[in-house]
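Here are my notes on the model you asked me to look over.

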Amino acid sequence: MKPLIIVCGLGRTGYKIYTLLKQQGVEVVGVSDRPLALSSRDPVIIGDARSPEVLVKAGIREAKTLVLSSHHDSLNLAILTQAKVLNPQIRIVNRLFNQTLGKRLDLTLAEHFSMSVASLVAPIFTFAALGSQAIGQLRLFDCTWPIHEEIINSDHPWLGKPLSQLWESSSRMLIYYLPSQGEIDLVSAVATGKTLEIGDHLIIGTKPNVRQKKNSWLYKLVKAVANLPHYQRYTRPIILVTLSLLILIFLATTVYVSVNFQTSVVDALYFSVGMITGAGGQEQVAEQAPDTVKVLTAIMMIVGAGVIGICYALINDFVLGSRLKQAWDVAKMPRNKHHIVCGLGGIGIQIVRQLHNQGHDVVAIEFDSHSRHIHCARSLGIPVVIEDASLATTLKAVNLSSASSLIAVTSSDTVNLEIALTAKGISPYISTIVRCYDPQFATSMQEVFEFDHVLSPIELAIDSFVAAALGGRILGNGMTQDLLWVALGTLITPAHPFCSESLQEAAMAVDFVPLYIERKGQLIRGWQLLETELIPQDVLYLTIPANGLEKLWRTRFDTFSV
């Protein structure tokens, strides 16, 4: 029997997970807190998922997996605890915005897998900024590989090329193969030397390129000097008040020297500074002056106290407030070929971190000065500008005209649209990647405004939730022509159906694509991989259509978890 999956929370995200699981032929039950306009054949329970009665009615005691898809962390946690009481062995796929809490739950609870939309979709935004038409992601060798689809046409350089020539590559991973005519799995096509024909679809993962960072002191000094014109917006008030103070001191010194030629310039200066700052000293300079000068001295004392107060306040705000950090960020501002991320939310900080780790220059713009991700970005040495990214002056200040891309990922679709339009008005040819929560709005926005990419996080993350619900240690997933495939890792045990079998024969029989094998700390790849016989304690990494996972369940549902 196929493992039963329960999806709690049939909102926009939950309903898409529910329908996609049904498309894969999985026995699935939905739980919604409100009536839905669904077919009577759709198994949906109406009620509060936190209620034991509702969960029992949905089949929680027999279910293998529970997907918590609500956008409220507290609600998901409440359902989680109740479900674990009713079925301690159930597998939980939990959508959580709090990634730190999710990691702790993964370590604390058995069969708990927390998933964050931000962490799932950030690589796709990153790949788009770097010019890759990624349809998915794959976590291999401690880095995230972009997955893209190659459609063979008459002008494609791979037309007529044997698939066997593409198999052996350290920077490329063949994921799946869909021939234009007939049916044949990738391993069989590679083994028989099949050539690529017009209309063939090939899913490929490519190793990301990591740029060497320019960390020399000379480079940093040149960048700081080049950004000197931008300092004035942060230091102008202090400079103006300081100049006013110096002019006041100069005028006072001139007056005292002019009134009494026997007073030295040093004594007059000493008294002027002491009088204005309130420190005192050389009072006889004023005592020997005429009454008009004494009146002028009193006025200068009052004005000086105000100027000194303003000066101290500005210096205090500059040093202890955020202006010093902003001025320091200006010093680190890249001049060209950098990426501008607007919005330091959950997705934004992930994009910033990934671009930075790959050696690219990044600038972040955040409107909320209290955002909890600002410190994280600055700790990476990334300049953060606390301004409104929809303003042309802000985008010009971060050198938009010479940037490689602009990524608008604030929490508002309207703001993201405004930012992208402003950017196009300044630099028409800049690559723009826009976040749009509503998938339909994203499609129309792409068609009307012709941005490079308009991506819906929910639409991008659905496949990952479905793949995780289907089981296994999920490394990646993708969707091609309504076919959902997943990449996962499986531990070979003596009871495993592939144990002691040739990997090539197993792959051809079950229709999966082997990626590599971990054996005693060593990696087995390429042609050697196909010739390998699987033994206990091997860890096999593979891709397989989601609807083919049933072949694994027939043996043991839990066997394929690493």
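In what order do the strands of the open sheet that contains β11 run?

1. The open sheet in question has six strands in the order β13-β12-β11-β14-β15-β16, paired in the parallel sense. Strands here are DSSP runs of E of at least two residues, helices are DSSP runs of H or I of at least four residues, and both are numbered from the N terminus; two strands are said to pair if DSSP finds at least two bridges between them. The edge positions are taken by β13 (384-385) and β16 (453-455), each with a single partner strand, so one side of each has no neighbour in the sheet.

2. Before going further, please keep in mind that this is a predicted model, in which local features need pLDDT of at least 70 and side-chain atom pairs count only at pLDDT 80 or more, whereas totals for chains, interfaces and linings use all residues. Residues are numbered from 1 along each chain as its sequence is written, and side-chain values use heavy atoms, with hydrogens and water left out.

3. Within the sheet of point 1, strand β14 (residues 405-408) and strand β15 (residues 431-435) are joined by four bridges in the parallel sense, and Leu 406 stands opposite Thr 432 of β15. Helix α5 lies across β11 (339-342), β14, β15 and β16, and runs at about 165° to β15; such angles run from 0 to 180 degrees between N-to-C directions, and axes are lines fitted to C-alpha atoms, for helices over the stretch in contact.

4. Helix α5 (residues 117-129) also meets helix α14 (residues 346-357), their axes coming within 8 Å and crossing at roughly 50°. The two helices are therefore oblique to each other (angles under 35 degrees count as roughly parallel, over 145 as roughly antiparallel, 65 to 115 as roughly perpendicular, and the rest as oblique). The contact, meaning heavy atoms within 4.5 Å, is made by Ala 118, Ser 119, Val 121, Ala 122, Pro 123, Phe 125 and Thr 126 of α5 together with Gly 346, Ile 347, Gln 350, Ile 351, Gln 354 and Leu 355 of α14. By class, the residues of this contact of α5 with α14 comprise eight nonpolar, five polar and no charged, where Ala, Val, Leu, Ile, Met, Phe, Trp, Tyr, Cys and Pro count as nonpolar, Asp, Glu, Lys and Arg as charged, and the others, Gly among them, as polar.

5. Another open sheet, also of six strands with parallel pairing, has the order β3-β2-β1-β4-β5-β6. Here β3 (44-46) and β6 (112-115) are the edge strands, each with a single partner, so one side of each is left without a neighbour in the sheet. From one strand to the next the twist averages 15°. Strand β1 (residues 5-8) pairs with strand β4 (residues 65-68) over four bridges in the parallel sense, and Val 7 stands opposite Val 67 in β4.

6. Helix α4 (residues 99-108) lies across β5 (91-95) and β6, at about 165° to β6, while helix α19 (residues 457-469) lies across β1, β4, β5 and β6, at about 165° to β5.

7. Helices α1 and α19 pack at an angle of about 50° with their axes 9 Å apart, and are therefore oblique to each other. Their contact includes Thr 13, Lys 16, Ile 17, Leu 20 and Leu 21 of α1, which meet α19 residues including Ile 458, Glu 459, Ile 462 and Asp 463. The residues of the contact of α1 with α19 divide into eight nonpolar, one polar and three charged.

8. What is the distance between the closest N and O atoms in the salt bridge of Lys 16 with Glu 459? These atoms are 3.5 Å apart, a salt bridge being a side-chain nitrogen of Lys or Arg within 4 Å of a carboxyl oxygen of Asp or Glu. Lys 16 belongs to helix α1 (residues 12-23) and Glu 459 to helix α19, so the pair ties together parts that are 443 residues apart in sequence. A search of the whole structure finds eight salt bridges.
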